[in-house]
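The picture comes first, then the questions.

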Amino acid sequence: MMPGDKKFKTKELSSQINSARLSFANPEDMLKYLDIEPGAVSIMGLMNDKEHVVKLLIDEDVLKDENLGCHPCVCTSSLKLKTADVIEKFLPATGHDYQTVHLVGAD
């Protein structure tokens, strides 16, 4: 998860999580692990990842905001949630943890 004003650079993130190669998930894996389709990717999909295959990475600036926005597993609507509720209630309820990462802001 990252703020919309940041550019995503795979090389920058790869080094932080000790991954030689990063890529976006293909539609089949998104359905298999999160039960969501491209365009509707959301932290809420973690409730469908019962085997904890997906690793959640959250940019440090997301954690600084009081609220965060996400899709409710469909792209036709959005939710505004308290960041603390997501971290302290939702993630533990799904059995998922997260790793904080640092992504460089917009130029």
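Q: What does "exposed" mean here, and which residues on the face of H4 turned away from its buried side are exposed?
A: A residue counts as exposed when its relative accessible area is over 50%, while buried means under 20%. In this predicted model, Glu88, Lys89 and Ala93 are on the face of H4 turned away from its buried side, and they are exposed, so each has a relative accessible area over 50%.

Q: Which residues of H4 are buried?
A: They are Thr83, Val86, Ile87, Phe90, Leu91 and Thr94, so each of them comes in under the 20% cut-off.

Q: Why are the buried residues of H4 said to line one face of the helix?
A: Looking down the axis of H4, you find them within an arc of 125°, so one face is what they line. In general, an α-helix has 3.6 residues a turn, so residues three or four places apart point the same way.

Q: What covers the buried residues of H4?
A: The cover includes S1, helix H3 (60-64), S2, strand S3 (79-82) and strand S4 (98-101).

Q: How do you know that the span of H4 is close to the expected one?
A: H4 has twelve residues, and at 1.5 Å a residue the expected span is 16 Å.

Conventions. Residues numbered from 1 in each chain as written. Predicted model: local features only at pLDDT ≥ 70, side-chain atom pairs only at ≥ 80, totals over all residues. Heavy atoms only, no water. Helix = DSSP H or I, 4+ residues; strand = E, 2+ residues; numbered from the N terminus. Expected span 1.5 Å × (residues − 1). Buried < 20%, exposed > 50% of the residue type's maximum accessible area, 1.4 Å probe, protein only. Arc of directions from axis to C-beta. Contact = heavy atoms within 4.5 Å.
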